[in-house]
Amino acid sequence: MATKKEEILAQCIADVKAGRASVEDCLAKYPRLRKELEPLLKIALAIEPPPEVSPSPTFKARARARLLAQIHAQRPVTKGRRLRYISWTPRERRFSMVAIVIAIIVALAAIGGGTVYASQDALPGDVLYPVKTTIEDARLFFAFSDEAKAGTYLAIAGTRLDELSRLPEDRSRFVERLMERYRYNLERGLDFAEQRIEQGGNASGLLARFQERLAHHQEVLQTVYEQVPEEAQPAIEHAINVSGQGLERANRLRARAHLENAAQRLARVSEMAQAGRMDEVIELLGEYDEDLASFVEAASETGDVELLLELACERLDLVFVDVLAIVPDEARSAIEDARLKTMKGFDEATEAVDRGQDLKDAWQEFEVEWEEFMPQWEGEMEPGSEEWQNAWQEFEVEWEKFRPQWEGEMEPGSEEWRDAWQEFKTERGHSQLVPTPPIP
Amino acid sequence: MEQIEPAEIEALLIEQAAKGDAQSFARLYDLHVDRVYRHIFYRVSDIGVAEDLTQEVFLKGWQALHRYKRTGSPFVAWLLTIAHNLVIDHYRARKRETSLEPSILPSDSATTPQQIAEVRWEQRELERAIMQLRPEQQLVIVLRFIDGFEYSEIAALLRKSEGAVRVIQHRALKELRRILGKEIG
């Protein structure tokens with residue numbers, strides 16, 4: 001949420017840019033903020049749009065023609081084709097589905113099992129290659145769930161790469177087309193993985209498979225790049241980029257998948273709490289913690305850490321609000337704790353990332369801190385109360401003094417580490433502040 | 001005869017393109033190619049790279065058109081976020097090589113060679129500093145100050161509240177101050 005300071009800065013920038021006020025007018029209006037506002041305003045006002053730069057007409061015309069050519073080359077992939085299909089009447093649709101199935105069965109029967117098997121090693125330009133791609137179409141057709149479709153597209157993308165690595169030099173004319181099909185299959189696969197997440201399915205395992213395969217694709221492409229003739233290298237370079245972008249997208253989606261798992265786990269917490277099954281509530285909250293850690297681990301592998309943390313914060317807080325509105329009192333405290341831990345953890349992790357720290361490390365540190373702090377107040381203070389906040393701050397100060405002593409030398413939570421913490425507290429006379437052992 | 005608003009024409013084109021009409025998408029290209037190119041050029045300062053990435057933006061836009069939702073942000077802003085991601089990938093692929101050849105020319109108010117040189121130097125420094133911001137901060141600063149979008153439009157695009165966008169802007173400006181302070185000091 002923006003504070004007054006941020007709103008004032010935005011208003012001043014707008015006023016000065018619109019000529020409604022001068023910098024001095026704004027600063028005079030908020031004398032107490034002058035010191036902070038002045039440099040920020042000056043920077044904001046110094047950022048000017050560049051002079052009009054336009055692409056050359058030649059480039060525009062060439063790029064337009066190329067865009068249209070690429071669109072036509074990929075036409076089957078577009079939503080448009082799908083929409084046209086969807087726009088058929090149910091009867092037409094049923095008929096067309098039956099027709100496609102019959103066509104595939106007839107085609108496969110006609111070419112025979114031996115041919116189908118032999119076609120598996122076919123390369124573009126081979127007589128049996130169309131058989132191979134027809135079989136792939138059939139596999140896609142019979143992949144009914146989003147997960148099955150995503151997995152099939154991923155496998156087909158891998159097949160295109162395998163073909164590329166085995167392509168003889170005299171068939172380098174197929175390189176660009178193979179790379180285009182690789183990109184298409186990869187993106188479609190990720191589209192279906194995304195759809196699975198959006199429809200509430202668990203996609204974390206599926207996306208882990210994407211990550212693992214894409215990392216392998218990158219290795220294959222690097223090897224191929226060094227082997228192909230020079231004229232084919234740009235296509236491979238493009239494919240390396242495509243694969244890299246696919247990996248980044250898979251990483252982001254995997255983080256989202258773990259986030260959805262966490263949200264769904266909370267919904268189950270709510271059900272168990274209403275049924276009075278407290279043991280299961282506690283167990284589910286433990287699993288929720290693991291979901292959070294998995295989310296953090298996946299998010300730390302993306303380039304959008306901050307964005308994902310904000311998304312997670314908003315998403316989970318909404319679920320907590322819903323859950324807390326209906327759960328019975330005996331479950332409330334455990335769920336409030338989980339909520340506080342989530343929000344505080346994300347806050348601290350965001351700050352740590354802002355400071356340039358790795359998200360995964362930041363989260364591990366936070367978890368240790370949380371485990372350290374929890375026993376102090378359990379049953380004594382209201383979580384989130386002023387007293388609680390003060391105790392947390394006091395703890396953090398002590399913790400910051402202790403941390404440098406063990407960092408890199410001991411495993412957090414190990415016996416050695418616990419002894420060191422105990423010793424530290426005794427030395428500082430803080431046994432009162434932290435009466436319970438650090439990790440129960 | 002009743003005049004059709006440009007926004008309505010654009011909405012119709014998007015609708016047609018989403019149904020697979022390549023010509024409608026080509027008209028969207030005509031409408032927005034200059035703006036997309038300018039946005040990218042500002043950030044990569046290389047004609048060849050700007051041209052390549054501009055082409056890629058529209059191809060990706062076509063492929064992802066079914067994911068575009070009318071969220072209150074203009075269509076061009078959606079294209080610019082695709083451009084933003086491609087620019088980030090471009091730098092990442094070049095292992096964050098940021099040797100910029102800034103494109104920004106001196107503003108009209110600079111008249112003498114010395115003034116021109118000073119303004120150019122300042123803009124270069126600023127441009128370099130913007131490139132060092134976190135991706136989301138970069139996007140907000142560029143969309144707001146270079147592309148001139150409203151907070152409400154940026155908020156709709158990023159699916160955040162306007163307040164959150166102002167917070168990112170505030171943090172970004174503070175970070176710019178830190179970077180510039182460090183470079184000068």
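User: Which share of the contacts in chain B with a separation of 6 or more comes from residues 24 or more positions apart?
Analyst: That share is 62%. This is a predicted model, so take every value as computed from it, by the rule that local features need pLDDT of at least 70.

User: What is chain B built from, helices or strands?
Analyst: Chain B has 8 helices and 0 strands. Along the sequence, the pattern reads α-α-α-α-α-α-α-α.

User: How many residues does chain B have, and what percentage count as buried?
Analyst: Chain B has 185 residues, and 38% of them count as buried.

User: OK, confidence. What pLDDT does chain B average?
Analyst: The average is 77. A score of at least 70 is reached by 77% of the residues.

User: Where in chain B is confidence lowest, and where is it highest?
Analyst: Lowest is helix H5 of chain B, residues 113–131, with a mean of 65. Highest is helix H3 of chain B, residues 47–63, at 90. Also watch residues 95–113 of chain B, where the pLDDT is below 50. That stretch still has 31 contacts in the model beyond near neighbours in sequence.

User: What are the ipTM and pTM?
Analyst: The model scores ipTM 0.78 and pTM 0.48.

User: Which residues is B:Ile40 in contact with, leaving aside neighbours within four places in sequence?
Analyst: B:Ile40 is in contact with B:Ala50, B:Leu53, B:Thr54, B:Ala83 and B:Val87.

User: Switching to chain A. What's the make-up?
Analyst: Chain A has 18 helices and 0 strands. Of its 440 residues, 29% count as buried.

User: How do helices H10 and H12 of chain A pack?
Analyst: H10(A), residues 175–198, and H12(A), residues 233–274, pack at about 5 degrees, with their axes 10 Å apart. That angle makes H10(A) roughly parallel to H12(A).

User: Which residues meet there, and of what class?
Analyst: From H10(A), the residues include A:Met179, A:Tyr182, A:Leu186 and A:Leu190. From H12(A), they include A:Ala239, A:Val242, A:Gly246 and A:Leu253. The residues of this contact divide into 14 nonpolar, 2 polar and 6 charged.

User: Last one. Why does A:Lys17 count as partly exposed?
Analyst: Because A:Lys17 has 13 C-beta neighbours inside 10 Å. A residue is buried at 20 or more and exposed at 12 or fewer. A:Lys17 is found in helix H1 of chain A, residues 4–17.

User: How far is A:Lys17 from A:Ala44 in sequence and in space?
Analyst: A:Lys17 and A:Ala44 are 27 residues apart in sequence. In space they are 9.7 Å apart, C-alpha to C-alpha.

Definitions and conventions:
Residues are numbered from 1 along each chain as its sequence is written. Chains are lettered from A and ligands numbered from 1 in the order in which they are written. This is a predicted model: local features need pLDDT of at least 70, side-chain atom pairs count only at pLDDT 80 or more; totals for chains, interfaces and linings use all residues. pLDDT is the predictor's confidence in each residue, from 0 to 100. Helices (H or I, at least four residues) and strands (E, at least two) are DSSP runs, numbered from the N terminus. Two residues are in contact if their C-beta atoms, placed from the backbone, lie within 7 Å. Axes are lines fitted to C-alpha atoms, for helices over the stretch in contact, and angles run from 0 to 180 degrees between N-to-C directions. Angles under 35 degrees count as roughly parallel, over 145 as roughly antiparallel, 65 to 115 as roughly perpendicular and the rest as oblique. Ala, Val, Leu, Ile, Met, Phe, Trp, Tyr, Cys and Pro count as nonpolar, Asp, Glu, Lys and Arg as charged, and the others, Gly among them, as polar.
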